[in-house]
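Please take a look at the protein chain shown here. Keep the sequence at hand as you read.

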Amino acid sequence: MSVELFAGVLVNDYEAALGWYERLFGSPPTLIPNDTEAVWELAEHRYVYIEHRPGRGGHALHTVFVDDLDARVEGITDRGLKPANRETYANGVRKITYHDPDGNEIGFGGAPAQL
C-alpha cells in the first residue's frame, strides 16, 4: 500500500508565509495548485503545504525528522531564520523549533549528536 502525506499549515498572510517557508525549506514551492496554496515536497510522497485561511493561522504543529540536523539548521540560519527553541531529550534526540509569522510551529528533529 502506498502512502502520501500532505501536512497542512493554515496561514493568515499568504505572501508573508510564502517567503518564510521558502527560507525555511530552502527553495520555492514544488507546486502552486491555486492562488491560496503552495506545496513543498520534503521527500518522496511527503509534502508540507500552506493554505491561506484568514483568521485560522497559527495552530499547526509539525516535526520533520532529518538525517543531518546540524546541516539543516545551518542552512536555515544562513537564510535568515532563527530557531525559537532547541531541545535535547533524555535519549539524546534533538529538536529545533521555528515559528512562522502566524505562530505555527515547525520543528526539525535529528539523531543524537556525534561526540
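**The whole chain**

This is a predicted model. The chain holds 2 helices and 8 strands. Read from the N terminus, their order is β-α-β-β-β-β-α-β-β-β. Along the principal axes, the C-alpha atoms fill a box of roughly 45 × 35 × 25 Å.

How does the radius of gyration agree with that of a compact globule? A compact globule of 115 residues would have a value near 13 Å, and the chain has 14 Å, so the two agree.

Of the 115 residues, 36% are buried. The chain exposes about 6800 Å². Carbon and sulfur atoms supply 50% of that area. Now take the contacts between residues at least 6 apart in sequence. Of these, 53% join residues at least 24 apart.

**The largest pocket**

The largest pocket has about 240 Å³ of space. It is lined by 14 residues, and the closest to its centre are L42, R46, T63, V64 and F65. By class, the lining has 9 nonpolar, 2 polar and 3 charged residues.

Which strand gives the most to this lining? Strand β5 does, with 4 residues. At least two residues each come from β1 (5-11), β3 (37-43), β4 (46-52) and β5 (61-65).

**Four residues compared**

| Residue | Relative accessibility | Class |
|---|---|---|
| G107 | 0% | buried |
| T97 | 2% | buried |
| H45 | 28% | partly exposed |
| E22 | 28% | partly exposed |

Start with G107. This residue lies in strand β8, which spans residues 105-110. G107 counts as buried because its relative accessibility is 0%, and the limit for buried is under 20%. What does G107 touch, apart from neighbours within four places in sequence? Its contacts are H62, T63, V64, K95, I96 and T97. Two of these names, T63 and V64, have come up already: they are among the residues closest to the centre of the largest pocket.

T97 is also on that contact list. This residue sits in strand β7, residues 94-99. With 2% relative accessibility, T97 is under the 20% limit and therefore counts as buried. Leaving out neighbours within four places in sequence, T97 is in contact with P83, A84, N85, E87, E105, I106 and G107.

Next comes H45, in the loop between β3 and β4. The phi of H45 is near 70°, a positive value in a residue other than glycine. Most residues other than glycine have a negative phi. H45 has a relative accessible area of 28%, so it falls between the 20% and 50% limits and is partly exposed.

Apart from neighbours within four places in sequence, E22 is in contact with S27, P28, P29, W40 and R79.

Key: Residues are numbered from 1 along each chain as its sequence is written. This is a predicted model: local features need pLDDT of at least 70, side-chain atom pairs count only at pLDDT 80 or more; totals for chains, interfaces and linings use all residues. Side-chain values use heavy atoms; hydrogens and water are left out. Buried means under 20% relative accessible area, exposed over 50%, partly exposed in between (1.4 Å probe, protein chains only). Contact means heavy atoms within 4.5 Å. On a 1 Å grid over the protein atoms alone, a cavity is a set of points where a 1.4 Å probe fits but cannot get out, and a pocket is an open set with protein on both sides within 12 Å along at least five of seven lines; lining residues have an atom within 4 Å of a point. Grid points are joined across faces, edges and corners, and a volume is the space filled by probe spheres set on the points. Ala, Val, Leu, Ile, Met, Phe, Trp, Tyr, Cys and Pro count as nonpolar, Asp, Glu, Lys and Arg as charged, and the others, Gly among them, as polar. The radius of gyration is taken over C-alpha atoms; the globule rule is 2.2 Å times the number of residues to the power 0.38. Accessible areas come from the Shrake-Rupley method with a 1.4 Å probe; for residues, only the protein chains shown count as cover.
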